[in-house]
Amino acid sequence: MRKWLTREEVLAELNVRAQTLYAYVSRGLIERRSDPADPRRSVYSGADIQTLSQRRARGRRVASIAASAMAWGEPVIPTAISTVTHGELIYRGRRAVDLAESATLEEVAALLWETTKPISFPVMSLGSDPFLSVAALVADGRSLIGRPTEKLASEAAACVATIAGAFGAIGEGGMHHRLGRAWSLDDAGRNYVRRALVLLTDHELNPSTFATRIAASTGASMPACILAGLATLSGPRHGGAGGALEALVAEAASTSVDAAIERWLATGHGLPGFGHPLYAHGDPRAAALLSGIEPDSEMVALRNGVADALDQQPNVDFALLTIARILALPANASLALFAIARTVGWAAHAIEQAASKTIIRPRAIYQGISMD
């Protein structure tokens, strides 16, 4: 097999669609370069193609395919909302990093929810606990089934406002202005918050979004779907990764960077704030948020130490903590930004899932005691 193949040759060799090829590239399974003869086109590593071909030729049982799909595997649910391709996060055909240059969370909500009217979030405050606040909305929630998009979008906006209110973002204006007032930020600080909100809005089929879609597939109400997403986001391996990263930074500062990295790696859970399975060449969200700013000395020391030891780049969790430290944001700021922004994405997926009129019900692989 030649060293480099064209897109058409790869699709024919692997017998896959272009979307699957891009998934392989984004996950680092196939190396892609610009064609020296025509920089507008791409060529793909023949060695990587041969490795994949051999793996596919060996075949895999249906159960194995299903199991791999549940952990950074093949796409399993059709969606037109967002995807990661060529190492870029895309919202309905538009690069998230481009939208982050000037768009607001309200504008991205209108894009993802496909509404005919501009989106504005109402002023709502049902308490300081986001879980209890959303749960209060669940009590009067109505099923998604058969409801028009505009009605669902209105309920989604109320959910966003409720979660924002729980984190102190109340009053009139765009969401980044509300958070700016709550956190006493100047114009530059509010702009960082705006960019973060846009870049965190959606991220394909992440765990919290999957949980949201499962709830939506049953016909649950919009607040119930959002509560499912919020509960899933709270885990330390998802939206709670910021807290783990803070602990890693503190340990590196009190002992040494190398010692902290070694101990965290020994746990088998990897390093919070670094690397991402969907971004072989770096998280574009992190690059966009860190553009033009320099992390403090403790963050720089950790970043450089991880780069030397593992050749891993910072991900969006690192970028969020960097911004939080520079702007002196409250301890829960990273989770607040994640929860407020991602509620917009969850709502989009709930609306899309309800429109599909299908229920998500995978089968389990039984590994218990066999019957004689």
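Trainee: What makes Ala 241, Gly 242, Leu 245, Leu 248, Val 249, Glu 251 and Ala 252 the buried residues of α13?

Mentor: Buried means under 20% relative accessible area, with exposed over 50% and partly exposed in between (1.4 Å probe, protein chains only). Those residues of α13 are classed as buried. The model is predicted: local features need pLDDT of at least 70, side-chain atom pairs count only at pLDDT 80 or more, and totals for chains, interfaces and linings use all residues. Residues are numbered from 1 along each chain as its sequence is written, and side-chain values use heavy atoms, leaving out hydrogens and water.

Trainee: What covers the buried residues of α13?

Mentor: The cover includes α14 (257-266), α16 (297-310) and α17 (316-326). Contact means heavy atoms within 4.5 Å.

Trainee: How do you know that the span of helix α13 (residues 241-254) agrees with what it should be?

Mentor: The expected span is 1.5 Å times one less than the number of residues. For the 14 residues of α13 that gives 20 Å, and the end C-alpha atoms are 20 Å apart, so the two agree. Helices are DSSP runs (H or I, at least four residues), strands likewise (E, at least two), numbered from the N terminus.

Trainee: Why are β5 (residues 88-91) and β6 called a pair?

Mentor: Two strands pair if DSSP finds at least two bridges between them. β5 and β6 have 2 bridges, in the antiparallel sense. Ile 90 has Arg 95 in β6 as its bridge partner.

Trainee: What makes β4 (82-85) and β6 (94-95) edge strands?

Mentor: The open sheet runs β4-β5-β6. β4 and β6 each have a single partner strand, so one side of each lacks a neighbour in the sheet.
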